[in-house]
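Please examine the structure shown here with attention to its aromatic side chains and its pockets. The paragraphs that follow treat these two topics in turn.

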Amino acid sequence: MTFRIQPAMLKIAAAAWLLGATGAMADTTLEFTQWWEPELPAGSLRAIMNDFEAANPGIKVTLVSGPYATTRDQISVGAATGTLSDVVGLDGAWVNNLNAQNALADMNPMMDASGFDKTQVADIIKVDGKAVMFPVASFVYPVFVNMDLAAQAGVTKLPSTRAEFLEAAKKMTHADKNQYGWVLPLSLQTPSGVQNDLMSWVWASGQSMMADGKPALEGKPVVDMLTFVKSLNDAGVISPGIATKTEQEKVEEFVNDRVGMMIDSLAHVNLIRKRNPKLNFDLIPVPVVENYNGKRGLPYASWGIGISAGSKHQEEAWKLVQYLMSEKVNAKLVSLANAFPGNVNAKPDFVTSDKAFGKAFEIFKTGYLANEFTGLPVAEDLMTKFDVEAQKMLAGEQSPEQASANAQKGWMAKF
């Protein structure tokens, strides 16, 4: 008996195959691990993922969310065991170690293949030439100025240079009232003061603590920065307790009218307002060396994003990364986060409705993001080593040149 396949049956079979193929596409699921969802308004990140799925039929996104510390540990384990999510939220301090484990994909080929416009992103974090991270949302560190203390001290022009900063700090210092011009947290427990409160002076003037990928702490930029900080200390304008002071204590002193100026994260604006609703403050860029007219480097921390080297869905993962870095989507995300955009063309909603954020956005647009600790090996350990030498200098045990030389030796052991 001969069985003949009828044309109608072929059509049904073809339709079934197409349906199966479509179903297979719909089964492509990306896992996205990050700590952002708990820090955003409830449901907002999921809503952005829903929009992405609608714009990219056949791709679904599963959010794996948790606190920052939990996410850091989860990503570390995933890198070590080869179970890293397709897309990962990243801190710049993690990327060197993750790259050493070959855990992160190089996004350079993906950018080239898709015609991605690299000029639209605020920064591309590279390790060994590989593009491993984009900052999606950045939290910059300007100088906060207590305007009432400034007015009482007769500071009518906010400082733009280091010399002007020193003079303003002197005028705002009244030790008998426990009031000081500046605050410097160098607790070894949390050595991020090296990044935020010391090296920020170097980056502000377009300078660097590195040269050809190696530490250059004995160079003029770092020595001059330490010399400047020593001059502030010698003038008695820094709040006491530098060696044990934490960032949280720094903010508390500013909130309680005990310091006139501090370098701090824009993320603390709402906290400051909550702690002292009557506090009258303004924001300025970190002052620069004399006669510097270039763009100012802005110290920052960010929500970064990367793709797992072991992901079986890198093409789809790259679509999600591009989506989050696109102008409109990035503007929406950073508006929710009260952060600045990873896409230089994006404009958050809050910059037009909030004076402080609007001022900070102007600072952001005229400068560039700068944090040379991003991507360095054992970044926190490097900060600690520099912290120790800076403390010795401020205690009068060594000169700025000696502090730089000793820190250089400690850092080179890690490179």
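Predicted model: local features only at pLDDT ≥ 70, side-chain atom pairs only at ≥ 80, totals over all residues.

Rings of Phe, Tyr and Trp (its six-membered ring) are taken as a pair if their centres lie within 6.5 Å; planes under 30 degrees apart count as stacked, over 60 as edge-to-face and the rest as tilted. F340 belongs to strand β14 (residues 340–341) and F350 to helix α14 (residues 350–353), so that the pair links parts of the chain 10 residues apart. F340 counts as buried because its relative accessibility is 0%, and F350 is likewise buried, at 7%. Elsewhere, F32, W35, W36, W94, F139 and W303 make up one aromatic cluster.

The largest pocket has a volume of about 1200 Å³, and 38 residues line it, with Y68, D91, Y141, Q195 and A301 nearest its centre. Strand β13 (300–307) is among the elements giving two or more residues to this lining; its contribution of 4 residues is the most. By type, the lining of the largest pocket comprises 21 nonpolar, 12 polar and 5 charged residues. The largest pocket lies between domain 1 (18–139 + 301–365) and domain 2 (143–284 + 376–412), because both give residues to its lining.

The second largest pocket holds about 290 Å³ of space. Of the 14 residues lining the second largest pocket, K126, V127, T374, G375 and L376 lie nearest its centre. Strand β4 (residues 125–127) supplies the largest share of this lining, 3 residues. The lining of the second largest pocket divides into 7 nonpolar, 4 polar and 3 charged residues.

How values were computed: Residues numbered from 1 in each chain as written. Heavy atoms only, no water. Buried < 20%, exposed > 50% of the residue type's maximum accessible area, 1.4 Å probe, protein only. 1 Å grid on protein atoms, 1.4 Å probe; cavity = no way out; pocket = protein on both sides within 12 Å on 5 of 7 lines; lining within 4 Å. Points joined across faces, edges and corners; volume = space filled by probe spheres on them. Nonpolar A, V, L, I, M, F, W, Y, C, P; charged D, E, K, R; others polar. Domains from an automatic or database assignment.
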